[in-house]
Structures are given as structure tokens and as C-alpha cells.
Amino acid sequence: MSAAACPMHILVHDFAGHPFQTGLSRELARRGHRVNHAYFAGDIGPKGDLARRSGDPDGLSFSALGGDIRYSKSDLLSRRAGDVAYGRVLAAHITSLRPDIVICGNSPTEVVSPLPAAARDAGAAFVYWVQDFNGLAAKRLLARRLAGLGSLVGDLYMWLDRRHLLTSDHVVLISDAFRDLTDQWGVPRDKITVIPNWGPIAEVDVLARNTAWAAEHELSAGWRFVYSGTLALKHNPGLLSALARGVADRGEVVVVSAGTGADRLREQASTLPALRCLPLQPIQIFEQVLASADVLLAIIEREAGDFSVPSKILSYLCAGRPIVLAAPRENLAARIVEQSGAGRVVEPEDESGFVEAALAYADDPQAAASAGIAGRTYAEAHFRITDVADRFEAAFASALQAYALGGARQRGRSRHA
């Protein structure tokens with residue numbers, strides 16, 4: 001624990017249960033804080049180690065919430081109903097736990113809506129950890145799919161996102177680029193801390209490619225191009241099928257995934273001999289999945305490029321493998337890949353460029369090795385969890401101060417009412 005931080009009771013909520021957030025909870029608990037790490041049990045995405053393990057601090061606990069909620073990411077109405085239901089479950093969890101701090105990240109808009117009030121009722125400061133701008137995503141993606149109505153729905157979600165930012169005690173952004181929108185929405189800059197996401201470097205080491213996992217799944221002896229993570233509305237699986245066509249007999253494209261895009265690829269697998277589709281794998285063998293690759297792949301659609309930062313890129317950097325990313329070049333992940341020398345970036349619509357960039361590493365193994373080393377070097381320099389936790393403790397201190405001042409103002413208004 002940093003010298004300025006007193007022990008706190010902290011609820012860390014990560015809707016998806018990602019690996020790097022569990023690392024933060026473990027480090028905060030190691031510093032003497034009491035930490036409950038809560039997540040949505042019904043989310044299908046890749047998960048961190050969401051259970052106590054040998055050596056964990058006594059103050060660390062995990063809560064899988066909403067496991068009985070029916071949830072669909074492909075049916076918009078069902079998804080909204082699930083988000084509303086889960087928001088109620090999470091709000092009730094806050095009320096029963098009564099922590100000092102609630103920090104919420106990776107959560108759909110309807111999940112967040114009841115949380116600031118629930119935190120206030122429980123006597124807790126609320127920190128909104130902005131990973132994506134959901135409203136902006138909805139406006140751009142739904143406008144393309146639902147003419148007229150999609151834009152109106154997006155406007156509603158943007159209004160809700162702004163309200164969540166303004167009613168939070170503190171805001172954590174993952175990118176300075178997000179400040180353009182928070183400035184536009186009138187969120188005070190002294191209410192914001194920018195903390196870039198990081199990769200789970202303690203859990204993803206650089207291993208030899210012929211892992212036990214590769215042998216179990218009889219992966220090709222040739223070049224392996226691996227995509228690991230969900231394939232949702234903001235991903236174009238056509239890039240991966242194009243690469244599978246381009247690989248020919250040089251190796252295979254291994255897609256370890258779930259979601260609507262993964263389902264589409266499975267339908268094509270019988271006509272694409274170089275395409276292998278596998279389900280998401282447990283966190284305990286995640287580093288083997290990444291190590292089995294010669295090249296790691298990531299994709300993000302243009303409409304999502306400035307509000308979404310693919311967290312899989314951060315895990316890829318830890319693995320020490322070259323990366324090929326299809327994304328707008330202004331995207332934070334794209335800038336990291338290019339500036340670190342960890343891989344190649346192509347525009348999200350450029351199928352031929354994506355294929356050429358991936359195969360170029362097969363033609364130049366030395367360049368592939370150099371890119372992998374550069375990625376790991378970047379990860380070791382930027383992903384120290386002790387530095388990350390220092391910054392979160394400072395953000396929590398700011399949130400508690402803002403919460404205390406807000407309570408004092410409310411008590412003053414009550415006395416003069």
C-alpha cells in the first residue's frame with residue numbers, strides 16, 4: 001500500500017471478468033485493502049482467474065453475479081433486458097456489501113445506470129472506469145444496422161453515458177483521446193484520471209511455440225496465425241476467413257473465440273481447410289494458447305476505432321509474438337503496436353493488406369522474432385502492476401474526497417431547507 005493510502009473496502013466490478021482487472025484486485029488486496037471482485041457470470045468472453053488461489057490475501061474475495069439471467073449478445077432486445085436485470089443484481093450487491101469505494105468497468109450502459117445511486121445509498125464513493133463509450137458505439141454501429149431508429153437509440157445511450165460521467169465521484173479513462181468527448185460533455189478535468197489498460201504480464205510468459213495445448217489440438221507444424229478473444233458486432237470476421245484463404249498450405253489460422261463472428265466462421269470452416277475454430281480457453285492455459293502462435297491477430301471495425309481499445313493486444317504484447325492488427329491508425333492499440341515495433345497495422349477494411357502483413361512475417365522469421373521481442377519489452381516497461389495500483393489508489397482518494405464534499409453540501413442544503 002502506498003504511503004498515502006489507508007485501508008479501504010473496495011468493490012471492483014468488471015462485467016467481463018478480464019484477466020488484467022483480476023491482477024489489480026489481487027494487488028490492492030496485497031496492500032491491505034479488503035477487495036471484492038464482482039463480475040457477470042453470464043458473459044461469454046475470456047475470463048481471468050476468478051477464484052481464490054493459494055497465496056491470495058485474506059481480504060480478497062470473488063462474486064459471480066447474475067448467473068441465472070438469460071443473456072444474448074446477438075438479440076438486442078434480449079440483451080437490453082439482461083443488462084437491466086443484471087444492473088439490479090449488481091446494485092443489490094453494492095447495498096449488501098456496503099464498501100467504501102465502488103469502481104465499475106467494462107459494463108453496458110443499463111448496467112451502470114442504477115449504480116451511482118446504489119453506491120450513495122450504501123455510503124460508498126462511485127468511480128466510473130470508462131473502457132468504451134457505449135453510446136457512441138451504439139450510435140455508429142446501430143445506425144448502420146437500423147436505419148433511423150439506430151441513430152435515435154444511440155443518442156439516448158450517449159445521454160445516459162454523459163449522465164453517468166457527471167454523477168460519478170471520479171472517472172478513470174483508459175486513453176487521453178477520450179478527453180475530447182468528456183470535455184465536450186462538460187466533465188471537469190480535475191474529476192478525471194487517465195490510467196491506460198495493461199496486460200497480465202505476471203500470467204503470460206514467453207514460452208516455446210510447441211506447447212502442450214498445441215499438441216493436444218494437433219496444430220499445424222507450419223505457420224500458425226492465432227486470434228484469441230470474442231468476435232462481436234465491432235469485429236469483422238471476414239478478415240480472418242480471407243487470411244485462411246491466403247494461407248494455402250503454409251500453415252493455418254486458429255480462431256479461439258466466441259460470439260456472433262465466431263459462429264459465422266464455424267459455418268465457413270468446412271470450405272476453408274486452413275481455418276481452425278476452437279472455443280475460448282481457460283485462463284490457466286491462456287499463455288499456452290498465445291505461445292502456440294507464430295503471429296497473433298486482432299481486428300476492430302472503423303466505427304469502433306476511437307471508442308474501443310482491444311485489450312487482447314495488451315495480452316499479445318506479453319506473449320512476445322508479432323502482432324497484425326486491423327484497426328484505424330488513430331486507435332490507441334494501433335499506436336502502441338506501431339510505436340513499440342511489436343507488429344504491423346492495416347486499415348480495418350483492407351483484407352488484402354491484412355493477409356499480406358500476416359504472410360510477410362512467414363517470409364521473414366527474423367522480423368517476426370524482432371517484433372515479438374519489441375512487444376515483450378514494451379510490456380515489461382509499462383505493465384508493472386505496482387505502478388498501476390499506485391495510480392488507482394490516488395484515484396480512489398480523489399473519489400472519497402469528492403464523495404465527502406458532496407455529502408457535506410447535501411447536509412448544508414438540508415439544514416437550510
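1. The model is predicted, so local features are held to a pLDDT of at least 70 and side-chain atom pairs count only at pLDDT 80 or more, whereas totals for chains, interfaces and linings use all residues. Residues are numbered from 1 along each chain as its sequence is written, and side-chain values use heavy atoms, with hydrogens and water left out.

2. An open sheet is formed by 7 strands in the order 3-2-1-4-5-6-7, with parallel pairing; here helices (H or I, at least four residues) and strands (E, at least two) are DSSP runs numbered from the N terminus, and two strands pair if DSSP finds at least two bridges between them. Strand 3 (60–65) and strand 7 (192–194) stand at the edges with a single partner strand each, so one side of each has no neighbour in the sheet. From one strand to the next the twist averages 20°, where axes are lines fitted to C-alpha atoms, for helices over the stretch in contact, and angles run from 0 to 180 degrees between N-to-C directions.

3. Within this sheet, strand 5 (residues 125–130) and strand 6 (residues 170–173) are joined in the parallel sense over 4 bridges, and valine 130 has leucine 173 of strand 6 as its bridge partner. Helix 1 (residues 19–30) packs on the sheet and touches strand 1 (9–14), strand 2 (34–40), strand 3 and strand 5, its direction making about 165° with that of strand 2; contact means heavy atoms within 4.5 Å.

4. Because 10 of its 12 residues are buried, helix 1 is largely enclosed by the rest of the structure; buried means under 20% relative accessible area (1.4 Å probe, protein chains only). Among the buried residues are Phe20, Leu24, Arg26 and Glu27. Just after helix 1, glycine 32 takes a positive phi of about 105°.

5. Another open sheet has 6 strands in the order 10-9-8-11-12-13, again with parallel pairing. Strand 10 (275–278) and strand 13 (343–346) are at its edges, each with a single partner strand, so one side of each is left without a neighbour in the sheet.

6. Strand 11 (residues 295–299) runs parallel to strand 12 (residues 323–326), with 4 bridges between them, and leucine 296 stands opposite isoleucine 323 in strand 12.

Notes:
Buried means under 20% relative accessible area, exposed over 50%, partly exposed in between (1.4 Å probe, protein chains only).
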